[in-house]
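This briefing goes through one structure, topic by topic. Please keep the sequence and the 3D view at hand while reading.

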Amino acid sequence: MRAIGRTTVERLRQPEYTGENRCPPCTVVNLLLAALGSVAIGSLAPVAGVAFALVAVAAIYLRGYLVPGTPELTKRHLPDRVLRWFGKDPHVGTSVDLDGDNAVSSTDLDGDNAVSPSHLDVESRLLSIGAVEPAGEDLRAAPSFEREWRRAAEEVLDAPERRAGDVLGLSEPGIEDRGGVCVVADGGIEAARWPSREALVADLAAVPLLRERLSDWESLDRATQGRLLAGLRVFLTFCPTCGGVPAFREDTVESCCRSVDVVTYDCEDCGARLLELQR
Ligand SMILES: [Zn+2]
């Protein structure tokens, strides 16, 4: 009996919307709809109202939602501010979260939300240390900096786990691909994430170069360091693993309750995502 119960539960369960993948905004919207439904039915027939509430809560628990299509609904109708309140940063998977305290949020390069620490001007800092230089109306990686960056990236590739452990201060560092995102874990527990292994290698290579050139690097908080690293990654001209050339592209990223227009910076050869910025 119990075995049958368990298999039924497993058949109903939708892992893409539950567990780690459960979407708080979708869950709350569905619980509200379930409550409204239960009250409406209960006002006509109390027992039916209670039964509906039980079925509804079970459905939300197992399936992640009650009303099919609510992930789409919240995608269209929940404002960014509400999603952010749920920890759903509309900047889907942008780049580094060196803090690792919020697995969903990410570095925010355009500084339009509250994450920005003291309105850090990433480009002017990178210019001031000669990491980037003017090229016409644009900026580019300074050739001497780029040479050192390439060399450093090759060194990182020899022992990426150890380097990640050193930079993030982890005792049991591991690098894993989790659902298309590169996660640096400490004893299996996520410590930080990057859009790809290539992006991680680029940042691990850049850390000693920035530390050398920025006298206050060590005193910067992790979020600021992350923004400088992601800001620098915009100027990466080589793919750290395959040596291909990255290029910018416009794209739309779908998550369960968001549809966001982004600019991506991907390796043209191996497709590795180096950066993703909301438009
Ligand atoms: Zn590549």
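In this predicted model, helix α9 covers residues 197-213. Its 17 residues should span 24 Å at 1.5 Å a residue, and the end C-alpha atoms lie 25 Å apart, which agrees.

**Helix α9**
- A bend of about 30 degrees occurs in α9 at A206, and the proline P208 follows within four residues.
- The buried residues of α9 include E198, D203, V207 and L210.

**Nonpolar cores**
- The largest nonpolar core has 42 residues, and those touching the most other members are L200, A202, L204, A205, A206 and L274.
- Elements giving two or more residues to this core are the helices α7, α8, α9 and α10 and the strands β4, β5, β7 and β8.
- The most comes from α9, which gives nine residues.
- Among the residues that L274 touches are P195, E198, A199, A202, R233 and Y265.
- Another core, of seven residues, lies apart from the largest one and has C23, C26, A34 and I60 among its members.

**Strands β4 and β5**
- Strands β4 (residues 181-186) and β5 (residues 189-194) run antiparallel and are joined by five bridges.
- A185 has E190 in β5 as its bridge partner.
- Two residues separate the strands in this hairpin, where G187 takes a positive phi near 60 degrees.

**A51**
- A51 sits in helix α3, which covers residues 46-63.
- A51 counts as partly exposed because it has 14 C-beta neighbours inside 10 Å.
- From A51 to I41 the C-alpha to C-alpha distance is 9.6 Å, with the two 10 residues apart in sequence.

Note on methods
Residues numbered from 1 in each chain as written. Predicted model: local features only at pLDDT ≥ 70, side-chain atom pairs only at ≥ 80, totals over all residues. Expected span 1.5 Å × (residues − 1). Bend = angle between axes of the 7 residues up to and from the residue. Buried ≥ 20, exposed ≤ 12 C-beta atoms within 10 Å, placed from the backbone. Pairing = 2+ DSSP bridges. Core = buried A, V, L, I, M, F, W, Y, C linked by C-beta atoms within 7 Å. Contact = placed C-beta atoms within 7 Å. Lists of a residue's contacts leave out its neighbours within four places in sequence.
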